[in-house]
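Please look through the following chain and read the briefing beside it, taking the points one topic at a time.

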Amino acid sequence: MADGPWVGSWRPHRPRGPIAALYTSPGPKYGIPSSVGFHQHDPCRERAPAFSFGLRLEARPQERSPGPGYLLPPGTTARGRAGTPACSIGGRTRDPMPFSTPGPGRYSPERAGRVAFPTAPACSLHSRTRHGAAPQSPGPAAYLLPPVLGTHLVSKASAPSYSVLGRSSIGTFYQDLCKTPGPCQYRMVDTDVYKHRAPRFSMLARNVAPGDTSTKPGPGAYSPQQRRPQGVTFGIRHSEYLAPLIVDVPD
């Protein structure tokens, strides 16, 4: 607290914070630029050079050159092949064709015409085109004035127009009620649309067990009574001359 005398109802005391009226300069409102660093450095002071650290580079790729393993021709130095200069003799090239300059007899000045001499204007006549006739302009009767009746007028304001519809036969006393659809004309909505659908199952055809489907003979297909025993011969055929004399003996 201040111990000074009272000035009316106010006693001078030390302010709690800085007051701009107590300073002739702008005071602590403006900050002095820093003299450290590179950016926003104090322009009144000398700035030292600044250096930045770069990123670490990747490892140097491996050399893929042949190295000292390849063999050089003998007599090869760092500046090329050692020895005297050698020259090769090639074939003679063909002489270029000379340019054929035209002589005085190749020119025809009399054909120059109006390109080289002053001439009168010349006009060419062209054939008549497909539409050679002069175009015929429309007459007064070809134009039509816009109508003055109706709603679609061009140059005048149209009055409001109303349309009269025909009498409807629906809901009148003479309506033919026989033409109304009956109950059978309406399609019945399936109950599965608005209710829970019951489970459905499908029935497949009967599977046939695999087996032999070939036609087999029955008991009636056999005829034991028609079977006859064959004859039996005894002996050995000794000669081809005795074969006709051998007769089968029936049982």
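The side chain of His41 reaches the backbone oxygen of Ser35 at 3.0 Å, which falls under the heading of a polar contact, defined as a pair of N or O atoms within 3.5 Å in which, within protein, one atom must be able to donate a hydrogen and the other to accept it, while residues adjacent in sequence count only if both atoms are side-chain atoms. This is a predicted model, in which local features need pLDDT of at least 70 and side-chain atom pairs count only at pLDDT 80 or more, whereas totals for chains, interfaces and linings use all residues. Residues are numbered from 1 along each chain as its sequence is written, and side-chain values use heavy atoms, with hydrogens and water left out.

**Around His41**
- His41 is placed in the segment before strand E1 (76–77), where strands (E, at least two residues) and helices (H or I, at least four) are DSSP runs numbered from the N terminus.
- His41 counts as buried because its relative accessibility is 13%, given that buried means under 20% relative accessible area, exposed over 50% and partly exposed in between, with a 1.4 Å probe and protein chains only.
- Leaving aside residues up to four places away in sequence, His41 touches Ser34, Ser35, Val36, Glu46 and Arg47, a contact being heavy atoms within 4.5 Å.

**Gln40**
- Gln40 also lies in the segment before E1, and Gln40 counts as exposed because its relative accessibility is 75%.
- The phi of Gln40 is near 55°, a positive value in a residue other than glycine.
- Most residues other than glycine have a negative phi.

**Arg47 and Phe38**
- The charged end of Arg47 sits over the ring of Phe38, 4.3 Å from its centre, where the rule asks for NZ of Lys or CZ of Arg within 6 Å of the ring centre and within 35 degrees of the ring normal.

**Cysteines**
- The count of disulfides comes to 0, a disulfide being a pair of cysteine sulfur atoms within 2.5 Å.
- Cys87 is exposed, with a relative accessible area of 77%, and Cys123 is exposed, with a relative accessible area of 77%.

**The chain as a whole**
- The chain holds 1 helix and 2 strands, and from the N terminus on these elements run β-β-α.
- Of the 251 residues of the chain, 2% count as buried.
- Among the contacts in the chain with a separation of 6 or more, 0% are accounted for by residues 24 or more positions apart.
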